[in-house]
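The following exercises concern the reading of a structural model. Each task is followed by a solution in steps.

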Amino acid sequence: MLLTDLLTPRLIKIGLRSRDKLGIVEELVEILVNAGKVADRGLLVEATMAREAQGSTGLARGVAVPHCKTDAVRELTCSLAVSPSDIDFEAIDGKPSHIFFFLAAPPGMSGPHVKALANIAKLSENDAFLDGLRLAPTPEEAFRIISEEETRAD
Amino acid sequence: MANARGIKRILVSIGGNERSLLTAQYAVVLARLLDAELYAIYVVDTKILKDLLKARIFIRMEELNYARDFEGDGKRYLDYVRDLAEAKGVAVTTILEKGEVHTLVTQKAREIEADILVMGELFNPSSRRDCYYDEGERIFRGARCPVLVVKGEERIRELYEGLEPEK
């Protein structure tokens with residue numbers, strides 16, 4: 001499951017207003033709400049924060065992957081936000097987070113959900129890719145960087 | 001006469017998608033026409049879940065939760081394959097395994113001495129990397145017996161529907 005199958009420039013946001021975990025999650029959800037992909041906004045925020053309460057999805061290298069399985073969405077959905085500023089997302093390496101991949105899936109879509117998460121995990125191992133994404137000036141450029149990385153011939 | 005009856009055992013690999021049910025229909029047709037034993041395998045991909053746990057994207061509870069979901073999917077798919085086979089008077093042995101998909105499918109093919117491994121159409125790889133890591137590709141390349149990749153939805157439905165219900 002490629003990220004470019006789930007994302008469009010409209011589902012990518014460069015720059016975030018919030019500095020705390022709840023605010024970031026709300027902004028990620030808002031992207032999906034604006035794209036008409038959410039059935040229940042409150043439930044989506046709640047489910048995501050409930051998952052975060054069990055263990056932060058802030059990974060190393062400035063990447064966070066908040067996600068949840070919930071009836072608040074009708075299909076597997078993804079949004080991406082990039083923050084030039086440092087965000088404390090309780091990352092496992094204690095460092096600030098800058099890139100936030102958000103995934104939500106309804107209960108019956110475990111297979112594609114897991115494959116999408118696995119793809120994010122694979123992409124997140126590439127420092128050059130992450131550097132490019134962090135510096136992307138526009139959603140279009142961020143999308144192009146992801147697309148290029150996913151089709152890279154190696 | 002040395003003919004297609006030399007094909008005694010067919011193993012069909014069932015994935016977690018609707019397309020693999022079409023693959024199963026074709027395997028049922030083959031098994032019936034060749035009078036071969038039919039085996040259907042579904043592998044719960046626990047490796048991908050363990051990898052997500054290792055990457056710290058999953059917590060242990062999620063790994064278990066998704067493994068349970070996958071196992072439920074596997075049982076449903078295999079039940080459906082059984083229904084498809086029985087509707088055409090073909091007996092099928094269903095196998096549910098957990099682990100790395102391509103390893104277990106090719107291993108099972110060797111274990112039952114499958115004469116043909118039937119699998120669904122391969123996805124178009126978006127990169128060379130996909131060719132190495134896609135489970136379907138790895139089954140195709142790793143199998144030691146002939147592999148039949150099923151294509152052509154309409155024709156398969158015709159063949160399956162055209163088969164008399166009982167022998």
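A contact means heavy atoms within 4.5 Å. The model is predicted: local features need pLDDT of at least 70 and side-chain atom pairs count only at pLDDT 80 or more, whereas totals for chains, interfaces and linings use all residues. Residues are numbered from 1 along each chain as its sequence is written, chains are lettered from A and ligands numbered from 1 in the order in which they are written, and side-chain values use heavy atoms, with hydrogens and water left out.

**Exercise 1. Describe the fold of chain B.**

Step 1. Helices (H or I, at least four residues) and strands (E, at least two) are DSSP runs, numbered from the N terminus. Chain B contains seven helices and five strands.

Step 2. Read from the N terminus, their order is β-α-β-α-α-β-α-β-α-α-β-α.

Step 3. Among the contacts in chain B with a separation of 6 or more, 79% are between residues 24 or more positions apart.

Step 4. A residue is buried under 20% relative accessible area, exposed over 50% and partly exposed in between (1.4 Å probe, protein chains only). Of the 167 residues in chain B, 46% are buried.

**Exercise 2. Characterise the surroundings of Asp45(B).**

Step 1. Asp45(B) belongs to strand S2 of chain B. Its relative accessibility is 15%, so Asp45(B) is buried.

Step 2. Leaving aside residues up to four places away in sequence, Asp45(B) touches Phe70(B), Gly99(B) and Val101(B).

Step 3. Val28(B) is 17 residues from Asp45(B) along the chain, and their C-alpha atoms are separated by 24 Å.

**Exercise 3. Determine how many aromatic pairs the structure holds over all chains, and classify the pair of Tyr42(B) and Tyr77(B).**

Step 1. Rings of Phe, Tyr and Trp (its six-membered ring) pair if their centres lie within 6.5 Å; planes under 30 degrees apart count as stacked, over 60 as edge-to-face and the rest as tilted. The search of the whole structure gives three aromatic pairs.

Step 2. The ring centres of Tyr42(B) and Tyr77(B) are 6.2 Å apart and the planes lie at 15 degrees, so this pair is stacked.

Step 3. The pair links distant parts of the chain, 35 residues apart: Tyr42(B) is in strand S2 (residues 37-45) and Tyr77(B) in helix H3 (residues 60-86), both of chain B. Tyr42(B) is buried at 6% relative accessibility, and Tyr77(B) is buried at 13%.

Step 4. Phe58(B) and Tyr66(B) also form a stacked pair, with 5.0 Å centre to centre and 25 degrees between the planes. Both of these residues are buried.
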